[in-house]
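Student: Could we go through this structure together? I would like to begin with its charged side chains.

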Amino acid sequence: MNETLATDSGPSADGPPPAGGRMGAIAAKYGRASLIILAVIVLLGFGLRMEKVVNPLAQPGDDALAYRALAESLYEDKSYGGPDFDTPSDWSPGAPLIYAGAYYLTGGVRDGVARGVEALFGTAAILLAYLLAFRLSRRRAAPLIAAALVAFYPPFIHSTGALMSEPPAIFTLPAAVLCFWWADGRENWWAWIPAGLLLGLTALIRPEYMVVAALFALFLLIRAWMKRGPRQAVVATIAMGLAILVPIVPWTIRNHNDLGRWVPISTGSGKALFVGSNLPADGDYKRVKAQLLEEQRGITLAPDSAELEKVDPVPLFDEAARQYRIENDLPDLTRDQALGRLGKENLRDYLTEQPLDYIGMSFRKVWRMWGSGVGEAMSSPLGALIQKLLVLAGLIALGWLGWKRRWEAIALAIPILTVTAVGAATLAPARRNEILMTLVLPLAAVALAEAAGWIRERSRTDSGSTGAPT
């Protein structure tokens, strides 16, 4: 069983570069024809994303509008949300900070500039998918299939048409995994810093990845302990752990100064648990929104209706929290704390009184999370079928890698399984899978390439057997 990770991805730093220089070494490693095809795929993927930069989504949704407002306030008011923004700390700051940085570089708030940043992240993710599949498969087709899947995957293109949190993490998560593998083949403790920084930045973009980062640190401790002993393991883990904290700690301090309590990244966990634990609404955000609207205002709207989409959800959740504070005589609770307590009570009551129904809801949430993608293309019946087949292919490849190269498989499984578990416990929209698809699609490419290679080799073997003399 091959458990040794590759130790380098280029020519030796100790000797002279091979003939043709570094570019020649790259061409020799990946193949000139493959690099030409990759360049075409990257250009096409960039073009599709730039089309969305120029022609954004007409109705980007509540979340996109919130991230846009936060990025604008960071530039215009030098504050996170400004005085007119309700509960800005419910929103993770990573994406707004990146978009606001683009505004500072270009000297003004322009949505097209921020979408252009998304397009660049998405284009870079095509290259990362190529490198991931190149690492995982001996088949030359696998990296190109992975690059093509990421380049043309409709949700990645769709998300470029609105200012969302996912596009930056579409780059940072696979980059973190690649850096983790790269550092595993080196003796120096500082090699773990890039992986840690990228994991910390991913968590700043999407808070559920804090758990992923912590599990990667634990994985490093175990892995390095087995390979190099306790001393090097502890030093490497401390180095990566501190690097993870670098993007997070400044925002935690900001939250403490602003909120008067320690909040690592954002305060939306109470709302997420409240929605995800609502059994009558099947843990679905739109159904919970429709339910609150009916309870509080007597207005009945279909969960998927355009009319409900136009309703501001903030007052609905504010009122739910206010009613809880009044009913339980807890006036000092924040909105997120009140919603979190409601969620915990839901969890306790439903697991006690209707455990099978609640478990069934959790499985349905996971199915919804992975069964379709963001945007019309992957939400259609055909798109949903393709999505499920891609996820199935990715899971098959992950299982195959777990048998062949389990340490690499574990590094891929940590974010996939962890975020799935978070979705099962809280919110599990299709958006939750988008970042993870940067790992699933290269895995699916490996499965497809390995299956095609096996069929081709089997066919050649059968042909040789048929033509052999008896």
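**Salt bridges and a helix**

Tutor: In this predicted model, Asp282, Arg287, Arg364 and Arg368 are linked in a network of salt bridges.

Student: How far apart are the closest N and O atoms of Arg287 and Asp282?

Tutor: They lie 3.9 Å apart in that salt bridge.

Student: And is Asp282 buried or exposed?

Tutor: Asp282 is buried because its relative accessible area is 8%, under the 20% cut-off. Arg287 is partly exposed, at 39%.

Student: How many salt bridges are there in the whole structure?

Tutor: The search finds 22. One of them joins Arg405 to Glu408, with the closest N and O atoms 2.6 Å apart; both of these residues are buried.

Student: What about Arg254, which residue does it pair with?

Tutor: Arg254 forms a salt bridge with Asp258, at 3.6 Å between the closest N and O atoms. The two are four residues apart in helix H11, so about one helical turn separates them. In general, an α-helix has 3.6 residues a turn, so residues three or four places apart point the same way.

Student: Which helices do its buried residues pack against?

Tutor: The buried residues of H13 pack against H3, H12, H14 and H15. Among those buried residues are Val288 and Leu292.

Student: What is found at the start of H13, and what follows it?

Tutor: At the start, a side-chain oxygen of Asp284 comes within 3.3 Å of the backbone nitrogen of Lys286. Gly298 follows the helix, with a positive phi near 70°.

Methods:
Residues numbered from 1 in each chain as written. Predicted model: local features only at pLDDT ≥ 70, side-chain atom pairs only at ≥ 80, totals over all residues. Heavy atoms only, no water. Buried < 20%, exposed > 50% of the residue type's maximum accessible area, 1.4 Å probe, protein only. Contact = heavy atoms within 4.5 Å. Polar contact = N/O pair within 3.5 Å; in protein donor to acceptor, adjacent residues only side chain to side chain. Salt bridge = Lys/Arg side-chain N within 4 Å of Asp/Glu carboxyl O.
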